[in-house]
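Colleague: I would like to go through the aromatic rings of this protein. Please start with the terms.

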Amino acid sequence: MVKDSKARIQKGKILSFVPTGEYYFTKGIKAYHRRDFKKAKKYLQRAMQLEPGEPMITCQLAIVSTELGEFENSNRLLHLILEDLDEDMAECHYFLANNYAHMGFFKDAYHHANMYLELDPNGDFNEDTHDLLELLSFEAEGLEDELYEQDDLIIKQEQARDLLESGYFPKAIELLNDVVEAYPEYWSAYNNLALAYFYLGKTKKAESILDDVLERNPGNLHALCNRLVFAHYQGKTKAVGRLLDSLKKIQPMLIDHQFKLGATFALIGEYESAYFWLKKLYKNGFQGDGPFYYWLSYSAYHTGHENFAKSIWKIVLEHTPDKDGFEPWNVEKPIVNGFEEHSGSIFQKLESEYLEERLFALFLATVSGKIDEISTSKRFYQNQKLTVLEKNYVSLIKSGTPSAIVDAQEIAEVLYEKHQPIGTVESGLYLMWFSVFVELSKSEINLNNKRAWAGAMEYVWYKASNEKVSQQEIAKRYDISPATIGKYVKLVTQHLN
């Protein structure tokens, strides 16, 4: 690096001062040692702009990016060094190994850890690298196999997560099935696939996927956590207790695993354990996304750290402004905010390739009172996915004209009396109903008996979710006869694709 700042002094006066890369590099290092990573990143980025060919600056910026949880950016910088700036900078392989381990790409981590030991067998990170390799051998199987194509996987994984969070379950399933077919040992995709099936109400399929993962990759933490979530939603108290005892004994090293464990504990109301893991990540400088801060705030509040919870909630609103009003201390509203409250989620569903999701979106718009706002918007009129059926849905619902689409809406409204707000679990019921309706619309079957259709739909959904419920119970709940519920259950089952 250039050693002196460029300062021109004339007649005792400083005419200009243009700091060099070293000036900002030094400031960045000082901020790094204070653990002020955001400021360190700012100074180091400026240093890199001034001296783009200096590998030490680039490497330090990569280290800071790792501290901020920006693993992809850190990897980009480290590969830049090895490919363009200094191919002999062996420590970059050590940092890459750590990053890939945090991201769950164990084969890549294994590759770079061994590259570091090969290039610098007596290096400063020798002992740490051996520790990492020992951890990797515990965390994953078959690390010596071919590397994953991580860029493609990262993109698809992010797309799948967005689809799941927005309630796009069929589309998420389609994408994740492609991923597991291409990468049969990419366990994260299997776990998300299990979640998608579970939220769609196909519990047996979801559980069979987790069983497969745990058989082929014993001890997979994400699969164990998902099992706990499934048992919690299904009210399986004994299973929850057994899984909870096992998971509380686990002490994961990877950031991703610590976050998964903390978020899972928070979701089922085990706030003490949740706060332990999430606060640990926070203290270590982890910069998460909206869900991280959301669960951190909730677990903090429910463990008596009210001021900290409120400070974290401000960050939640920066990531997801529509969470305003759903603070953990706001007892007037439920923790889970329904999809019907989010115009953005409704618009996303309207742009789905699946007809049942678009119909579900229109139903959400009606029960939220947003139907006029959405159906008259520019985004609605420019939506190329909408067919005559969806466009007629809006006009028919507004006018109340007798039709099959109005019947479908009213049946969904009967379900809504008992299943609201509509979260990820409840979405499966409504998506299932509109999927059945799409098939029914191809026939001339009468939809007049609204309560019978709703009751039958609920019964089939519960059975698909492996819930213990009898047709007699459902018949009583919807004020219809057992014979009627039996008849309509058969019709629903016949038209469930």
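Modeller: A charge sits over a ring if NZ of Lys or CZ of Arg is within 6 Å of the ring centre and within 35 degrees of the ring normal. This is a predicted model, in which local features need pLDDT of at least 70, side-chain atom pairs count only at pLDDT 80 or more, and totals for chains, interfaces and linings use all residues. Residues are numbered from 1 along each chain as its sequence is written, and side-chain values use heavy atoms, with hydrogens and water left out.

Colleague: Over which ring does the charged end of Lys310 sit?
Modeller: The charged end lies 5.6 Å from the ring centre. That ring also belongs to a cluster linked by ring pairs, including Tyr294 and Trp313. The residue is Trp329.

Colleague: How many aromatic pairs does a search of the whole structure find?
Modeller: Rings of Phe, Tyr and Trp (its six-membered ring) pair if their centres lie within 6.5 Å; planes under 30 degrees apart count as stacked, over 60 as edge-to-face and the rest as tilted. The search gives 33.

Colleague: What is the angle between the planes of Trp187 and Tyr190?
Modeller: Both residues are buried, meaning under 20% relative accessible area with a 1.4 Å probe, protein chains only. They are 3 residues apart in helix α10 (residues 187–199), so about one helical turn separates them. The pair is tilted, with centres 5.7 Å apart and planes at 35°.

Colleague: How far from the ring centre of Tyr478 is Lys418?
Modeller: Lys418 lies over the face of the Tyr478 ring. The distance to the ring centre is 4.8 Å.

Technical notes: Helices (H or I, at least four residues) and strands (E, at least two) are DSSP runs, numbered from the N terminus. Buried means under 20% relative accessible area, exposed over 50%, partly exposed in between (1.4 Å probe, protein chains only).
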